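Welcome! Try each task before reading its solution.

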Amino acid sequence: MPLSPTDEIVGPAARAGAGAGAFNVVQLEHAEAIVAGAEAAGRPVILQISENTARYHGGLEPIGLAALAVARAALVPVAVHLDHAESVDLVHEAARLGFSSVMFDASTLPYKENLRETREIAAYCHARDVWVEAELGEVGGKDGAHAPGVRTDPAEARDFVAATGVDALAVAVGSSHAMTTRDAVLDFALISALRDAVGVPLVLHGSSGVADTELARAVAAGMTKVNVSTYLNKQFTRTARTYLEAHPSAVDPRTYLGPARDAVADAVAHLLGVLHGGRD
């Protein structure tokens, strides 16, 4: 199939041994901030919208169309990606709206069911030139808890990718979603083994809990797409809270959302530098 905007970002990064930053959008200010940070860094970026965020907005279309509009106006390549979708209908809607990629998450299902459902999604999406990410070896912490030690098996990952035809694979290597501290311990030997076993780019979820030096090591070991959400939300919330504490009579949301947006842009520019590792 023709290269999707996501593949045009992730593919070259994988070949160069660099990381591709994928940052989650919760509201319009996030999309604007992420693109501003990417423009400041001079790097491409992926805007991600999760199923939970679509639910928060009452549907995928309002926030999805907003993100697509921000992406079209950007001065650097920007892709729009559906993150952690468990709903087949939502995947279909993302393809209809013009998302260039989806992450279909059937990782909580038994292996054979995950494989069957993911293969069906991949066939549907590829017929519409949409890039597909899947997950094998559940990445913990969707409820804020740390991962319970689940890890992705390289041989199983190799077979899963071959059987489903997905374009990228999210793997469990020690990170966990929703971490507010950056002290996750990654299994770098496992990352390298997965890279050698699997012929598609690897995706690191839960990267907010991984320190800068460890993110750089993960990319060097074989990770390509690196997902970040909670870390940006921390910067956003902390900046807005600081402004409101200093200006308790403020009522115009722009006065505190603007600085919060700027803080996220700065964090994105920094993280893209970390993931790029000085490569041209």
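**Exercise 1. A strand and its partners**

Which residue in E8 does Gly21 stand opposite?

*Solution.* Keep in mind that this is a predicted model.
- Step 1: Find strand E1, which covers residues 20–24.
- Step 2: Look across from Gly21 to E8, where Val226 stands opposite.
- Step 3: Widen the view to both strands: E1 and strand E8 (residues 223–228) pair in the parallel sense over four bridges.
- Step 4: Now turn to the pairing of E1 with strand E2 (residues 45–50), where three bridges join two strands that run parallel. Here Ala22 is the residue opposite Ile46 in E2.
- Step 5: Trace the chain from E1 to E2; the path goes through helix H2 (residues 28–41), and this β-α-β crossover is right-handed.

**Exercise 2. An aromatic pair**

How many aromatic pairs does a search of the whole structure find? Identify the partners and describe their geometry.

*Solution.* 
- Step 1: The search finds one aromatic pair.
- Step 2: The partners are Tyr111 and Phe160, with 6.0 Å from centre to centre and 55 degrees between the planes, a tilted arrangement.

**Exercise 3. A serine in a loop**

Why does Ser100 count as buried? Then list what surrounds this residue.

*Solution.* 
- Step 1: Ser100 sits in the loop between helix H5 (88–97) and strand E4 (101–104).
- Step 2: Ser100 counts as buried because its relative accessibility is 6%, and the cut-off for buried is under 20%.
- Step 3: The Ser100 side chain makes a polar contact with the side chain of Thr6 (2.7 Å).
- Step 4: Not counting residues up to four places away in sequence, Ser100 touches several others, among them Pro5, Val80, Asp129 and Trp131.

**Exercise 4. A glutamine in a helix**

Where does Gln235 lie, and which side chain makes a polar contact with the side chain of Gln235?

*Solution.* 
- Step 1: Gln235 lies in helix H10 (residues 230–246).
- Step 2: The side chain of Arg238 makes the polar contact, at 2.4 Å.
- Step 3: Leaving aside neighbours within four places in sequence, Gln235 is in contact with Ala263 and Ala267.
- Step 4: With a relative accessible area of 10%, Gln235 is buried.

**Exercise 5. The whole chain**

How many helices and strands does the protein chain have, and what share of its residues count as buried?

*Solution.* 
- Step 1: The protein chain has eleven helices and eight strands.
- Step 2: Of its 280 residues, 52% count as buried.
- Step 3: The accessible surface is about 11,700 Å², and carbon and sulfur atoms hold 52% of that surface.

Key
Residues numbered from 1 in each chain as written. Predicted model: local features only at pLDDT ≥ 70, side-chain atom pairs only at ≥ 80, totals over all residues. Heavy atoms only, no water. Buried < 20%, exposed > 50% of the residue type's maximum accessible area, 1.4 Å probe, protein only. Areas by Shrake-Rupley, 256 points an atom, 1.4 Å probe, with all protein chains shown as cover. Pairing = 2+ DSSP bridges. Right-handed = clockwise from strand over helix to strand, strands pointing away. Polar contact = N/O pair within 3.5 Å; in protein donor to acceptor, adjacent residues only side chain to side chain. Contact = heavy atoms within 4.5 Å. Phe/Tyr/Trp six-rings, centres within 6.5 Å; stacked < 30°, edge-to-face > 60°.
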